[in-house]
Amino acid sequence: FKKRFIRLMSLLLGRMSRIGWVLINIIFMVLGTYYPDFMTTVLVLATLTNFFLIICLKNIQPAMIMALFFLSYLLFLFPYYFLGYRMVVYTEYYEPALFDKALIIHSIFLNSFFLFLKPNINIQRFKLIDLVPTRSNKYFFWGLAILLIFIVITMKGQSVVGDGENSYEAYMENLEGQGGILEYFYLLFIVGFFFAVNNRHRKILMGIAIAYCLQCIVRGYRIQMVQMGLLTFLLFFDNYFKLWKIIGLCILGVLISEVISALKMTGGIDYDTLVKGVDFAKEGEVLIVNQTDVFYSSVTFLGLIQDGILDFWTRFYSMLGFLLNWFVPSSFVWQEARLPSFSKNYTNLGGGGLVSLYIYVWFGYLGVVALGYILAKGINYTFKDRGKSILKIVPIIIFSVYPRWFAYDPGNFLFRFSIYLLGLYFVLYEIVNYLKKDVEGESINS
């Protein structure tokens with residue numbers, strides 16, 4: 001049965017079959033635009049496309065987990081489209097036509113990603129860390145390790161554990177006072193990993209990662225803890241577990257995430273709180289979960305375009321800020337470039353937004369197709385052979401912080417962090433190379 005299934009999937013995922021599949025998706029997207037009854041089919045097809053992505057990426061475990069994460073944002077749409085549940089408590093842009101358009105745009109992104117991804121990618125099962133050139137140096141390692149330890153020890157904020165009704169207030173104060181150093185930690189951690197001289201150094205990094213996660217749990221920093229877990233998995237356990245164990249770890253990660261959510265909301269953990277979180281957090285007929293909140297924020301962008309608030313010139317100005325954000329933090333760019341923040345001036349929303357909808361606002365449908373193309377081609381390049389390249393350090397951060405760039409902030413976490421990581425590693429790598437050549441030159445002369 002397993003061999004037949006693999007053979008069937010190989011036929012379905014072949015190049016010509018992919019083109020046919022994408023065409024079928026496009027046909028139903030067009031039909032759904034004019035006849036809303038077809039939108040349930042669009043959702044099913046988009047979900048299957050995401051499922052095919054998971055299969056395509058099965059030999060790249062960090063990327064496969066990323067595709068599983070993508071899938072969750074589609075699965076939570078099924079109660080809305082098939083059972084008539086409300087997705088959020090907000091009402092201003094709760095319009096079926098806007099929801100349908102958001103789903104179509106996101107489906108275009110998924111289909112583009114799927115179409116341009118090579119079939120049977122990474123059949124040799126290369127580990128990403130083996131594709132990045134290393135420059136072991138104990139001085140650089142210890143400098144980075146000390147800096148990482150300092151960040152963990154000095155992590156700002158108070159404990160949300162056992163604080164009862166004041167827990168969420170404490171969590172919000174923690175967020176406001178912390179700043180961006182928690183995420184910059186990942187860049188230093190990755191670079192430190194590639195400067196490690198031996199296994200003892202990497203065990204030290206593992207200990208630092210555990211301490212970081214514990215600090216995040218105590219302070220209610222859920223996403224930061226999850227992203228550190230994803231990064232630790234990629235660096236230390238890639239290709240270590242079989243598929244069914246990976247799925248089990250993902251389920252465990254979701255449960256831990258719910259525990260942290262309960263801690264920051266109530267200061268403790270009880271059965272009712274956890275069941276409420278796992279059972280779609282249903283209150284009446286409103287699904288209060290992160291995925292639906294993010295999807296509604298995406299819908300809000302379309303609503304502001306519909307009302308002329310995000311007109312052509314505002315979107316253009318926003319796009320310029322997005323491009324500037326590749327190089328400078330968000331605090332240096334104008335509010336129009338931070339779409340959720342800008343949108344809150346006109347309507348109520350939770351925050352965040354799907355990366356596909358961000359890109360649509362700035363670059364239209366072609367930009368959404370280009371996003372899928374860029375991600376697919378980047379993965380194709382990284383795993384085409386075992387050749388090492390400094391550029392291949394970039395997917396490490398992309399496969400670690402996608403909870404941020406996919407659902408909240410692509411400018412910072414997809415582009416700026418990639419550029420910062422590449423720049424930091426390149427500079428330090430070249431410094432070590434220069435010092436090494438200088439020492440070797442002195443040895444020859446002597």
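Start with H4 and H6, which lie roughly antiparallel to each other, because their angle is over the 145 degrees that this label asks for. This is a predicted model, by the way, so keep that in mind as you look around. The angle between the two comes out at about 160°, and their axes sit 12 Å apart. To find them, look for residues 61-75 (H4) and residues 96-116 (H6). If you look at how they cross, H4 passes H6 with a left-handed crossing.

Now zoom in on the contact itself. H4 brings Met66, Phe70 and Leu74, and these meet Leu103, His106, Phe109, Leu110 and Phe113 of H6. Sorted by class, that contact is made of seven nonpolar residues and one polar residue, with no charged ones. The spacing along each helix is worth a thought here. An α-helix has 3.6 residues a turn, so residues three or four places apart point the same way.

Next, move along to H9, at residues 181-195. From first C-alpha to last, this 15-residue helix reaches 21 Å, close to the expected 21 Å at 1.5 Å a residue. H9 is also mostly covered, with 13 of its 15 residues buried.

Finally, zoom out. Across its 446 residues, 50% count as buried. As for who touches whom, take the contacts in the chain with a separation of 6 or more: 79% of them are between residues 24 or more positions apart.

How values were computed: Residues are numbered from 1 along each chain as its sequence is written. This is a predicted model: local features need pLDDT of at least 70, side-chain atom pairs count only at pLDDT 80 or more; totals for chains, interfaces and linings use all residues. Side-chain values use heavy atoms; hydrogens and water are left out. Axes are lines fitted to C-alpha atoms, for helices over the stretch in contact, and angles run from 0 to 180 degrees between N-to-C directions. Helices (H or I, at least four residues) and strands (E, at least two) are DSSP runs, numbered from the N terminus. Angles under 35 degrees count as roughly parallel, over 145 as roughly antiparallel, 65 to 115 as roughly perpendicular and the rest as oblique. A crossing is left-handed if the near helix is turned anticlockwise from the far one by less than a right angle, and right-handed if clockwise. Contact means heavy atoms within 4.5 Å. Ala, Val, Leu, Ile, Met, Phe, Trp, Tyr, Cys and Pro count as nonpolar, Asp, Glu, Lys and Arg as charged, and the others, Gly among them, as polar. The expected span of a helix is 1.5 Å times one less than its number of residues. Buried means under 20% relative accessible area, exposed over 50%, partly exposed in between (1.4 Å probe, protein chains only).
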